[in-house]
Amino acid sequence: MLKIANIVGARPNFMKIAPIHRRMQASEEFAPLLIHTGQHYDKKMSQTFFVDLGMPEPDMYLGVGSGSHAVQTASVMIAMEKILLEEKPDWIIVVGDVNSTLAASLAASKLHIPIAHIEAGLRSFDRAMPEEINRILTDSISDLLFVTEQSGLDNLKKEGVADEKVHFVGNVMIDSLVEHLQKAKESQILQELEIMPKRYILMTLHRPSNVDDKNNLENILTTLEVIQKELPIIFPIHPRTKKRIDEFGLADQVERMKNLRLVEPLGYLPFLRLMSESKLLLTDSGGIQEETTYLRVPCFTLRENTERPITAEIGTNRLVGMDRGAILKGFEEAMNGFFKDSKIPPLWDGHASERILETLIKQ
Ligand code: UD1
C-alpha cells in the first residue's frame, strides 16, 4: 500500500485533489491522507467546497491563514515538515501553483519524500506573477510531473526535465467538472438570482496585477459600465478584490452600476451551474479558462498572457488583457452570436485521475 499525502490549501486546489483522493480511498493500493494548509479559511472559500465535492474532512488542518508571501510560505513549511516527519508518507501530491503547493513541496523535498506535481509544466513566462515562481520551483523539485496539455510537455523538455518523470495525463479539474455537472444542474442559483440562461455574464477577478493596482481596477470597472448596460453581470467577489475596492475608494463607482451584481463567493455546484448557462465569462482565473473551454462557453480573459495556451489556441478562451477596445469588440461579437469554433483538448475526458493513480502504482 502506498501512503500518500494529498495536499490542498487554496480554493482552486480542492476540485483538483477531490477526484484523486476519492479514487485512492476506494482503492486497496493506496492509503491517502488529506492535508489542508488553511491558506484559504473562510467557509465560502474552503469548507463549502468540501461539501459540494463530497470530500471528507481533512485528516490534518494546519491553519496557516493569510500573510505576506514569505510568512504564508514559511508557515506552511514549518507545519508541513512536522506532519511529514510524523506520518512518513511514500509520496506527497501537490496540485496547481498556489503558495501552499510550493511550500509543501519544499518541506517534502528536504525530507527526501518524493513529490508528484499535478498540473506541471504550465508557464505564463511572466515572473511578476507569484504563481509562475511557484510553478517553476515546484516542477524543479518534483519527481513525477503530470501534465494537462502539450505546452506543458514542451516547456518541461526545454527546461531539461527527464522524459521519464513527465506524464501527459489530461486534466483533473475536468474530472471534477464531468463528475459534478449533472448535480450542478439541480442548483437553484439562477432562480435565486432571478436570471435567465444565456441572459447574464459571469465575472471573477482576483489577480494581484488586476486588483492590487488602483488604475487597473478602475479601468476594468469603467469597461464594465458599458457592458452591464446590455446584460447583468454576476460578480462573486473574492475577499482580496472586495478589500481593494474599499481601500481605493471605488465602492461608489461599483454601486452606481445597477446591473453589476456583487455576490459572496459561491460554492462549486452553483458556480458550475452559473458558468454552464452564462452568455460569456469575464475572468482572470486560470481554472475558469479551462472549465469554459470544456463547457464551450466563451471566455474573455482579462490578462496579457496565459499559462494555459491550449484554451486560447483551440478552446473558447480569448486573451483580451486590459484593452477596453478589445473587450468591448469581443463582447459585441459574442452578443451577436459570433464566436470562434472550439474543440475540447486531448485527454480532458474525466479520466485523468485514473491515469495518475496507474502511474503512481507503477513507480
Ligand atoms: C490564491 C493563489 C492564487 C489563486 C487564488 C484563488 C497564491 C500565491 N495565490 O490567491 O493563485 O488563484 O488563491 O482564490 O497562492 N482571504 C480571506 N479569506 C480566505 C482567504 C483569503 O479573507 O479564506 C483574504 C486575505 O485577506 C488574504 C487575501 O484574501 O490576505 C489573499 O489571500 P491569499 O491566500 O494570500 O491569496 P489569493 O489572492 O486568494
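Is His 117 buried or exposed? His 117 is buried, with a relative accessible area of 0%. Please keep in mind as you browse that this is a predicted model. The protein chain has 363 residues, and buried residues make up 58% of them. Its secondary structure comes to 17 helices and 13 strands. Below is a friendly tour, starting with the whole chain and then moving to selected sites.

**The chain as a whole**

- The radius of gyration of the protein chain is 20 Å, close to the 21 Å that the globule rule gives for 363 residues, so the chain is as compact as a globular protein of that length.
- Along its principal axes, the C-alpha trace spans about 55 × 40 × 40 Å.
- The accessible surface of the protein chain is about 15,200 Å², and carbon and sulfur atoms account for 52% of that area.
- If you take the contacts between residues at least 6 apart in sequence, 71% of them join residues at least 24 apart.

**The seven-stranded sheet**

- Seven strands form an open sheet with parallel pairing, in the order E3-E2-E1-E4-E5-E6-E7.
- The edge strands are E3 (60–61) and E7 (166–168), and each of these pairs on one side only.
- Strand E6 (residues 144–147) pairs with E7 in the parallel sense, over three bridges.
- Within this part of the sheet, Leu 145 stands opposite Val 166 in E7.

**His 117 and its surroundings**

- His 117 sits in strand E5, which covers residues 115–120, and E5 lies between E4 and E6 in the sheet order.
- A polar atom of the His 117 side chain lies 2.8 Å from the backbone oxygen of Gly 96.
- Not counting residues up to four places away in sequence, His 117 touches Val 94, Val 95, Gly 96, Thr 101, Thr 138, Asp 139, Ser 142, Leu 144, Leu 145 and Phe 146.
- One of these contacts is Leu 145, the residue that stands opposite Val 166 in E7.

- Ser 100 lies in helix H4, which covers residues 99–110.
- At 1% relative accessibility, Ser 100 counts as buried, because the cut-off for that label is under 20%.
- The side chains of Ser 100 and Thr 37 are joined by a polar contact of 2.8 Å.
- A polar contact of 2.7 Å joins the side chain of Ser 100 to that of Gln 39.
- Leaving out residues up to four places away in sequence, Ser 100 touches Gly 9, Thr 37, Gln 39 and Val 76.

**Aromatic pairs**

- A pair of aromatic rings is described by the distance of the centres and the angle of the planes.
- How many aromatic pairs are there? The count comes to three.
- The rings of Phe 14 and Phe 49 have their centres 6.2 Å apart and their planes at 40 degrees, so this pair is tilted.
- This pair links distant parts of the chain: Phe 14 is in helix H1 (residues 11–26) and Phe 49 is in helix H2 (residues 47–52), 35 residues apart.
- Phe 14 and Phe 49 are both buried.
- The rings of Phe 300 and Phe 339 have centres 5.9 Å apart and planes at 75 degrees, so the pair is edge-to-face.
- Phe 300 and Phe 339 are buried.
- Ring pairs also link Phe 14, Phe 49 and Phe 50 into a cluster.

- Strand E8 (residues 201–203) runs parallel to E9, and two bridges join them.
- Leu 202 stands opposite Ile 234 in E9.
- E9 is also joined to strand E10 (residues 260–263) by four bridges, and these two run parallel as well.
- The bridge partner of Phe 235 in E10 is Leu 262.

Key: Residues numbered from 1 in each chain as written. Predicted model: local features only at pLDDT ≥ 70, side-chain atom pairs only at ≥ 80, totals over all residues. Heavy atoms only, no water. Buried < 20%, exposed > 50% of the residue type's maximum accessible area, 1.4 Å probe, protein only. Polar contact = N/O pair within 3.5 Å; in protein donor to acceptor, adjacent residues only side chain to side chain. Contact = heavy atoms within 4.5 Å. Pairing = 2+ DSSP bridges. Phe/Tyr/Trp six-rings, centres within 6.5 Å; stacked < 30°, edge-to-face > 60°. Rg over C-alpha atoms; globule rule 2.2 N^0.38 Å. Areas by Shrake-Rupley, 256 points an atom, 1.4 Å probe, with all protein chains shown as cover.
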